[in-house]
Amino acid sequence: MPKARPREGKIRLYVESLTRQPEVFHITPERYARVAARLPEIAARIDPVLSFDGAKFAENVETADVMVGWEFDRKAVRERAENLALVHITGAGLDHLRPFDWLPSGARLTNNSGVHGEKAGEFAFMAVLMLNNRMPQLMNAQAGRKWDRAFASVSAGKTLLVVGVGHMGAEVARYAYRNGLTVLGIRRSGKANRYVHKMGTPDRLAEFLPLADFVVVTAPAVEETKHLIGAAELALMKDTAGLVNMARAHLVDYSALSRVLESGGLSGAILDVFSPEPLPADSPLWSVPRLILTPHCSSDDADLYAEKTLELVFRNIDRLLGGRKLKNVVDLTRGY
């Protein structure tokens, strides 16, 4: 790819955080300074502007070479951001930005894939251990003041299916593999992964589901993955199996899942993603038996998320300046 040609020898970087988002996502001067201290040679070539809630957007949209944030005034970006070479989105999911016709010609779009990986892997394995030890059933029993002794065996030797073996799914597979589970994987390309014993493409999902003791969903939310796990797929799973969704609500039919759990099917489920978010207080999901809900916090490291995001941006700026291939470039035709 061609080199960026920064004016005055520096890349003009505009970063926008949102006060309505949790503090874990905020790119503050203090966090920026820590990353700049770790990567001083790259930092020396950046002229940064940090902003919240679009306060400095209007005065910087026309001059920015690189923009970083979760969402922007896309009409203004399309019409005014003539110098833009790169837009980096501070999350992995991009469904809120489609269609991508707002991206200026010649600008690249990158996302935060990989930043979530280590934390996501740890959470997913915790969820697998909770399901293995029948914690959804035990928590329901506690809430009902019921002495329900649900015994379990160790997880080693059991089978985990990871649906979507990208950056996040690969970390899930790594944790499981290293702890003695047999790991099956589903990914669009079918490409092998060192921590997956057997990999398949999405057309083999029905073949793999009956083999799994645990299913963890980490695939991207695109049109073809809507209700990838629906009533038919849930019916293929063992009654003793458990399900974890860390991707988007879009991928799992929650109404069908609720019916299965209410009828006594599956050992339990753990959901971290919903639509809408926050989950309304009157949602029926709150009272579904053997269902644990976490408020979309599974994969975001409280201490390191923003700094890891900035490190990825810094290294991509270095690549941009050197005319090298960027990391995490989004395929606009696929949406991830």
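Analyst: Let us begin with a pair of facing residues: Leu271 stands opposite Leu293 in S12. This is a predicted model, in which local features need pLDDT of at least 70 and side-chain atom pairs count only at pLDDT 80 or more, while totals for chains, interfaces and linings use all residues. Residues are numbered from 1 along each chain as its sequence is written, and side-chain values use heavy atoms, with hydrogens and water left out.

User: How many bridges join S11 to strand S12, and in which sense do they run?

Analyst: Strands (E, at least two residues) and helices (H or I, at least four) are DSSP runs numbered from the N terminus, and two strands pair if DSSP finds at least two bridges between them. Here S11 and S12 (residues 291-293) run parallel and are joined by three bridges. S11 also pairs in the parallel sense with S10 (residues 242-245), over four bridges; there, Leu271 is the bridge partner of Asn245.

User: Which helix belongs to the β-α-β unit of S10 and S11?

Analyst: It is H10 (residues 254-262), and the unit is right-handed: with the strands pointing away from the viewer, the path from the first strand over the helix to the second runs clockwise.

User: Are the residues on the two faces of S11 buried or exposed?

Analyst: In a regular strand the side chains alternate between the two faces of the sheet. In S11 (residues 268-271), Gly268 and Ile270 on one side and Ala269 and Leu271 on the other are all buried, that is, under 20% relative accessible area with a 1.4 Å probe, protein chains only.

User: Which residues have the most contacts inside the largest nonpolar core?

Analyst: In soluble globular proteins, nonpolar side chains tend to be buried together. A nonpolar core is a set of buried Ala, Val, Leu, Ile, Met, Phe, Trp, Tyr and Cys residues joined through side-chain atoms within 4.5 Å. The largest one here has 35 residues, and Leu161, Val215, Leu234, Leu243, Tyr254 and Leu257 have the most contacts inside it. H10 and S11 are among the elements that each supply at least two residues of this core, and its largest share, five residues, comes from H10.

User: Which residues of strand S3 lie on each side?

Analyst: Val66 and Val68 are on one side of S3 (residues 66-69), Met67 and Gly69 on the other, and all are buried. Four bridges join S3 to S4 (residues 86-89), which run parallel, and Val68 stands opposite His88.

Note on methods
Buried < 20%, exposed > 50% of the residue type's maximum accessible area, 1.4 Å probe, protein only.
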